[in-house]
Amino acid sequence: MNVTLLIPARYGSSRFPGKPLAPINGKPMIQHVYERASLAKGVDNIYVATDDDRIKHAVESFGGKVVMTSPEAASGTDRINDAIEQLGLSDDDLVINLQGDQPLIDPISIEQIISLFERHPGEFEMATLGFEIVDKRELDDPMHVKMVFDNDYNALYFSRARIPFGRDTNDYPVYKHLGVYAYTKRFVNAFAKLPLGRLEDLEKLEQLRALEYGHKIKIAISAFDSPEVDTPEDIRKCELRLAVD
């Protein structure tokens, strides 16, 4: 099984323009993401998927590989789909989609999601990561997407609201979604052709499209959080975390 890890990155962002190139301890954020991903065992190739020449130049300047995608890509998955077609991947190849705003991703988490496909060949074509929330401020923060899953770790739902909701207690684990996906190339091609889902549009969560159309998403619970950078203020938080690590 060939494993290709793609890091979609775009320059435009309403909340944080130029986010992939924002410096963290002297290096652009996209370099932190790329270098952490390169430490994961089992990954054969890593590319940044972007439509921006500034990001392309930055990645190539530190020795990274880039695949240029169409600026018409409507979503991160559309950008991934464009990239894998250009790279000529085979239908059964595994594609890891690592968001470009996760400079603290732990390589073990990437290995964990690859392991799911190695241990359960053919049982599913999409997987993602979860993490048990420890910071109570995240429970009702819509920027932190919550998730519930069945006894076999198949996703039941993702929401910006707190799920599940304890009617009589607050003493129970709540899991948030980490923005790392794995799927076969075949599944990405099929997913990109599906119409926008009703729940996907409501919550603005692309992964809900898979559930709405009856596809299984396998969950792996990571021991490591992977905070996303959404605002310039998050950069300082990352720098503090890296200083501790």
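Colleague: Rings of Phe, Tyr and Trp (its six-membered ring) pair if their centres lie within 6.5 Å; planes under 30 degrees apart are stacked, over 60 edge-to-face, the rest tilted. How many aromatic pairs does that rule give here?

Modeller: Seven aromatic pairs. This is a predicted model, so local features need pLDDT of at least 70 and side-chain atom pairs pLDDT 80 or more, while totals for chains, interfaces and linings use all residues. Residues are numbered from 1 along each chain as its sequence is written, and side-chain values use heavy atoms, with hydrogens and water left out.

Colleague: Which way do Tyr-34 and Phe-62 pair?

Modeller: Edge-to-face, at 5.4 Å centre to centre with 70° between the planes. Tyr-34 is in helix 1 (residues 29–37), and Phe-62 is in the loop between helix 2 (53–61) and strand 5 (66–68), so the pair ties together parts 28 residues apart in sequence. Helices (H or I, at least four residues) and strands (E, at least two) are DSSP runs, numbered from the N terminus.

Colleague: Is Tyr-34 buried or exposed?

Modeller: Buried, at 10% relative accessible area. Buried means under 20%, exposed over 50%, and partly exposed in between (1.4 Å probe, protein chains only).

Colleague: What about Phe-117 and Phe-124?

Modeller: Their centres are 5.0 Å apart and their planes at 65°, so that pair is edge-to-face. Both residues are buried.

Colleague: Which residues do ring pairs link into a cluster?

Modeller: Tyr-181, Tyr-183, Phe-187 and Phe-191.

Colleague: What lies 3.4 Å from a polar atom of the Arg-209 side chain?

Modeller: The backbone oxygen of Leu-194.

Colleague: New topic. Which ring does the charged end of Arg-54 sit over?

Modeller: The ring of Tyr-11, 3.6 Å from its centre. Lys-65 lies over the face of Tyr-47, 4.7 Å from the ring centre. The rule: NZ of Lys or CZ of Arg is within 6 Å of the ring centre and within 35 degrees of the ring normal.

Colleague: Last one. Where is Val-33 found?

Modeller: In helix 1. Val-33 is buried, with a relative accessible area of 0%. Not counting residues up to four places away in sequence, Val-33 touches Ile-7, Leu-98, Gln-99, Gly-100, Gln-102 and Pro-103. The C-alpha atoms of Val-33 and Pro-107 are separated by 10.0 Å, with the two residues 74 apart along the chain.

Notes. A polar contact is a pair of N or O atoms within 3.5 Å; within protein, one must be able to donate a hydrogen and the other to accept it, and residues adjacent in sequence count only if both atoms are side-chain atoms. Contact means heavy atoms within 4.5 Å.
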